[in-house]
Amino acid sequence: MPDNRMIPAHPPITNGLSVDVEDWFQVGAFENVIDRQDWDGLSLRVEDNVLRILDMFAEADVKATFFTLGWVARRNPALMRRIVDAGHELASHGYDHARVFNFDRKQFGADIKLARDILEDTSGVKITGYRAPSFSIDERTPWAYLELAEQGYAYSSSVAPLAHDHYGWSDAPRFAFKPLPWSDLVEIPVTTAILGGKRVAAGGGGFFRVLPYAFSRWAIRQVNRTEQRPAIFYFHPWEIDPAQPRVPNAPIKSRLRHYTNLGKMAPKLRELVQEFAWGRMDMIALQEAGRAAALAA
Ligand SMILES: [Zn+2]
């Protein structure tokens, strides 16, 4: 017989924890100042930062999903095995961070296939999850889900359902949905909260670094308690690396966004991963599949 004393009256909702594994020079904010062809001459810091994240997750006893660039996996094969051996999910972030809305369908198909082949070869596990660079699946890319479904992906977490200056699909559903009527493919958008009747970003990125932790706590509680849904949170390895090289010729707005509060990020993340219940995105996708609404045509 199960021991009921071990079961809390209201078990906490498990939220989706994710890391977008890219290096400091691969972020969207710098794509016009750092040429892809120069990437190989820059210092690689992603491995050390991911190892620190693995330690942090081990300490808090949480499992997460690492959406990783094929470019990074190719240069750090041992790191891919470390991620998988620690019980985390390895998933795809595309090959070299090109945004989906800059591709046509054929180019997108080639990009996700290349990234997946490298991730599977280096890790030895099957890749079933995908996150578009800079949340770049939106109303301009209806073919993206066709391609993901045809290539056998189980889920995508590639939509920011709000208006933002660089990305966003402002009228997408806020919670899991099925973008194709004939497929089980699930899209799990990054978390937004409702503040003053408006959708606001609450799933990580610059907002998490810039705003006090109390805002994120409030937002995740709103999603878990009021809406009874999992929150989906993401961050990047470079965000816990205050010593990363500075990119002096980037626009001031990009620099402000990229470098603010890097030194405070690790303790803030530690608080976040310890306060809430977290799990891998493939598990969240399974849980949410039954509740995912069909996307209205
Ligand atoms: Zn990214």
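Reply: Let's start with the sequence: the donor residues of the zinc ion follow the spacing E-x70-H-x3-H. Before we go on, please keep in mind that this is a predicted model, in which local features need pLDDT of at least 70 and side-chain atom pairs count only at pLDDT 80 or more, while totals for chains, interfaces and linings use all residues. Residues are numbered from 1 along each chain as its sequence is written, and side-chain values use heavy atoms, with hydrogens and water left out.

Which residues stand behind those letters? The protein donors are Glu22, through OE, and His93 and His97, each through NE2. They lie 2.0 to 2.1 Å from the zinc ion. A donor here is an N, O or S atom within 2.8 Å of the metal (3.2 Å for Na, K and Ca). Water is not among the atoms, so a site may look incomplete. Both histidine 93 and histidine 97 are buried, a word that stands for under 20% relative accessible area, with exposed meaning over 50% and partly exposed in between (1.4 Å probe, protein chains only).

Contact means heavy atoms within 4.5 Å. Tryptophan 238 and aspartate 23 are 215 residues apart in sequence, yet 6.3 Å apart in space, C-alpha to C-alpha.

Where does tryptophan 238 sit? Its place is in the loop between β10 (232-235) and α8 (252-259). These labels come from DSSP runs numbered from the N terminus: helices are H or I with at least four residues, and strands are E with at least two. Tryptophan 238 counts as buried because its relative accessibility is 6%.

Glutamate 239 lies in that loop between β10 and α8 too. With a relative accessibility of 1%, glutamate 239 also counts as buried. Again setting aside neighbours within four places in sequence, glutamate 239 touches Gly205, Gly206, Arg209, Leu262 and Met265.
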